[in-house]
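User: Please take a close look at one part of the model shown below. A single connected account is enough.

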Amino acid sequence: MMLSELVTRRYTSKAFDSSRKLSPAQVEEIKTLLRYSPSSTNSQPWHFVLAGTEEGKARIAKATSGRYEFNAAKVLNASHVVVFCTRASIDDDHLQRLLNQEEQDGRLPTAEAKQNQHAGRSHFVNMHRYELKDAQHWMEKQVYLALGTALLGASVLGIDACPIEGFDAAILNEELGLRQQGYTASVLLALGHHAESDFNKHLPKSRLPQSDVISEI
Ligand SMILES: Cc1cc2nc3c(=O)[nH]c(=O)nc-3n(C[C@H](O)[C@H](O)[C@H](O)COP(=O)(O)O)c2cc1C
């Protein structure tokens, strides 16, 4: 199937069939997509909480009460829900961990390569920390790349998905103890298979014309 067919076929599912679960192989594919998502300077400022049990999804659904009630059934009826979490800070421990991993993975064959990699990444991180003062915003942008990667990947895998920003992050941070672990919840992704009642399945997609959004120079 052409990629253009996949991106136009994918859509946001508004209702999931709770009886249809992702296969273990599909769950592994989703984990791989998340883990291998690209990020600026390979900073990987994220953690992903994957809920595949009724109990796990019910905990996440606590954050879809009140004004976010319209998203509760999506969380509860999906097969799996991913909580995309962003680091609260990009500290020196994390930078060291990234460097050690890259060395272990064979990307830094010499002491000089290791030094250069650390200096380059630290330069960007410190620019966002101390000059632009937008480190949190910068990290969250990387997390949204993982969301995009997972959305396209889900479509390739034949999995229906609903990205969800409509939830109370403070409630979810508390419920999952994210603050204590150095993270905050940024966005959710409900995954599964659509229900018959999914009205969005039958609506045409809508996008601005290509000439509005793409200029060629
Ligand atoms: C970051 C993000 C947050 C979203 N939050 C919600 C949400 O809380 N609830 C919902 O039903 N849809 C949500 N959506 C779905 C969008 O409304 C949908 O992607 C958009 O209308 C385009 O339609 P399509 O995904 O079917 O192509 C969200 C989408 C994105 C990318």
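How far does a polar side-chain atom of arginine 207 lie from an oxygen atom of the ligand?

Analyst: The distance from a polar side-chain atom of arginine 207 to an oxygen atom of the ligand is 2.7 Å. This comes from a predicted model, in which local features need pLDDT of at least 70 and side-chain atom pairs count only at pLDDT 80 or more, while totals for chains, interfaces and linings use all residues. Residues are numbered from 1 along each chain as its sequence is written, and side-chain values use heavy atoms, with hydrogens and water left out.

Threonine 12 places a polar side-chain atom 2.6 Å from a ligand oxygen atom. Proline 163 takes part through its backbone, with an N or O atom 3.2 Å from a nitrogen atom of the ligand. On its own the ligand has 620 Å² of accessible area, and the protein covers 69% of this; such areas come from the Shrake-Rupley method with a 1.4 Å probe.

The shell around the ligand holds 16 residues, the closest being Arg10, Thr12, Lys14, Lys205 and Arg207; a residue belongs to it if one of its heavy atoms lies within 4 Å of the ligand. By class, six shell residues are nonpolar, four polar and six charged. Here Ala, Val, Leu, Ile, Met, Phe, Trp, Tyr, Cys and Pro count as nonpolar, Asp, Glu, Lys and Arg as charged, and the others, Gly among them, as polar. Strand S3, residues 160–164, gives the most to the shell, with three residues. Strands (E, at least two residues) and helices (H or I, at least four) are DSSP runs numbered from the N terminus.

S3 leads on to S4. These two strands are antiparallel and share five bridges, where pairing requires that DSSP finds at least two bridges. Proline 163 has leucine 189 of S4 as its bridge partner. S4 spans residues 183–192, and nine of its ten residues are buried, that is, under 20% relative accessible area, with exposed meaning over 50% and partly exposed in between (1.4 Å probe, protein chains only). Strand S2, residues 80–87, also runs antiparallel to S4, joined by eight bridges. In that pairing, cysteine 85 stands opposite alanine 185 of S4.

Cysteine 85 is buried because its relative accessibility is 0%. Cysteine 162 is also buried, since its relative accessibility is 2%. A disulfide is a covalent bond between the sulfur atoms of two cysteines. With the criterion of two cysteine sulfur atoms within 2.5 Å, the count of disulfides is zero. The closest cysteine sulfur to that of cysteine 85 is in cysteine 162, 17 Å away, so the gap is too far for a bond.

Beyond S4, serine 206 sits in the loop that runs from S4 to helix H9 (210–213). Serine 206 counts as exposed because its relative accessible area is 60%.

Threonine 41, in the loop between helix H2 (24–35) and strand S1 (46–51), has a phi near 55°, positive in a residue other than glycine. Lysine 133, which is not a glycine either, has a positive phi of about 55° and lies in the loop between helix H6 (111–131) and helix H7 (135–156). Threonine 41 is partly exposed, at 23% relative accessible area, whereas lysine 133 is exposed, at 67%.

How values were computed: Polar contact = N/O pair within 3.5 Å; in protein donor to acceptor, adjacent residues only side chain to side chain.
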